[in-house]
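Trainee: I have not looked at this structure before, and I would like to go through it with you step by step. Could we start as soon as it is on the screen?

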Amino acid sequence: QNIAIPYGGFPVGFDGVYVDLDTGATSTSTILGWDVNLFYGGLGLGGSASWQPARDGTGVMDTVLAYQLNDTIDGSLLYAGAVETGSSDHVGLAAGQFQEGVEAYVGFKFTTNASDGPYYGWMRVTLTANNSGGVISDWAYENTGASILAGAMAPEPGRAVLMLLGLCAAGMRRRRDLT
């Protein structure tokens, strides 16, 4: 999707970009149903009560962790509310931190606008501390409550049905070949 995360100073910096994970709606000002707000190029994170990023502890100021492709996002991780007004502890050179300008994944759990969940998901981001701002590349969540791998796309219902039909057809063909 390549959604820009503005870096501007006060008050622009706090507006950032609001994302409603359910609908895919984004805005540089508060929108109904928003889940997460990334601001200051991603150095700041904010969230509604429905969104909790994976952290290195269970406090709202504990560090939000950076995940890599194929890392598992599930109930075994630690999550805490998203209130983090400008702390940039999640960006740096230490293990588990986001590095400026390097793509990584925010693991999260959230509930939908219809209060379904919790569901586990990821958001692929590149965070920066300069005027070019950061980028939200894309996100996905598993709407069954099961784990999801960072970077994996949750199958759409129609796609899953087509895959199942294809497997059934292959099984029937194999069965006919054996008789």
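Trainee: With which residue does Glu-103 form a salt bridge?

Mentor: A salt bridge here is a side-chain nitrogen of Lys or Arg within 4 Å of a carboxyl oxygen of Asp or Glu. This is a predicted model, in which local features need pLDDT of at least 70 and side-chain atom pairs count only at pLDDT 80 or more, while totals for chains, interfaces and linings use all residues. Residues are numbered from 1 along each chain as its sequence is written, and side-chain values use heavy atoms, with hydrogens and water left out. For Glu-103 the closest N and O atoms of the pair are 3.0 Å apart, and the partner is Arg-124.

Trainee: How many residues apart are Glu-103 and Arg-124?

Mentor: Strands, labelled E, are DSSP runs of at least two residues, numbered from the N terminus. Glu-103 sits in the loop between strand E9 (78-79) and E10, whereas Arg-124 belongs to strand E11, and this pair, which links distant parts of the chain, is separated by 21 residues.

Trainee: Which residues are linked in a network of salt bridges?

Mentor: By the rule above, the count comes to two salt bridges. Besides the pair already described, the side chains of Asp-138 and Arg-124 meet at 2.8 Å, N to O. The network therefore consists of linked salt bridges as the term was defined, and its members are Glu-103, Arg-124 and Asp-138.

Trainee: Is Asp-138 buried or exposed?

Mentor: Buried means under 20% relative accessible area, exposed over 50%, and partly exposed in between, with a 1.4 Å probe and protein chains only. Glu-103, at 37%, is partly exposed. Because its relative accessibility is 16%, Asp-138 counts as buried.

Trainee: Which residue is the bridge partner of Val-125 in E12?

Mentor: Two strands pair if DSSP finds at least two bridges between them, and E11 and E12 pair in the antiparallel sense over seven bridges. E10 and E11 also pair in the antiparallel sense, over seven bridges. Within E12, the partner of Val-125 is Ile-136.

Trainee: In what order do the four strands of the open sheet lie?

Mentor: The edge strands, each pairing on one side only, are strand E3 (26-27) and strand E5 (44-47). Strand E2 (residues 17-19) and strand E4 (residues 36-39) pair in the antiparallel sense over three bridges, and Val-19 has Val-36 in E4 as its bridge partner. The order is E3-E2-E4-E5.

Trainee: Which backbone oxygen does the side chain of Arg-55 reach?

Mentor: Arg-55 lies in strand E6 (residues 51-55) and is buried, with a relative accessible area of 2%. A polar contact is a pair of N or O atoms within 3.5 Å; within protein, one must be able to donate a hydrogen and the other to accept it, and residues adjacent in sequence count only if both atoms are side-chain atoms. At 2.8 Å, the side chain of Arg-55 reaches the backbone oxygen of Gly-81.
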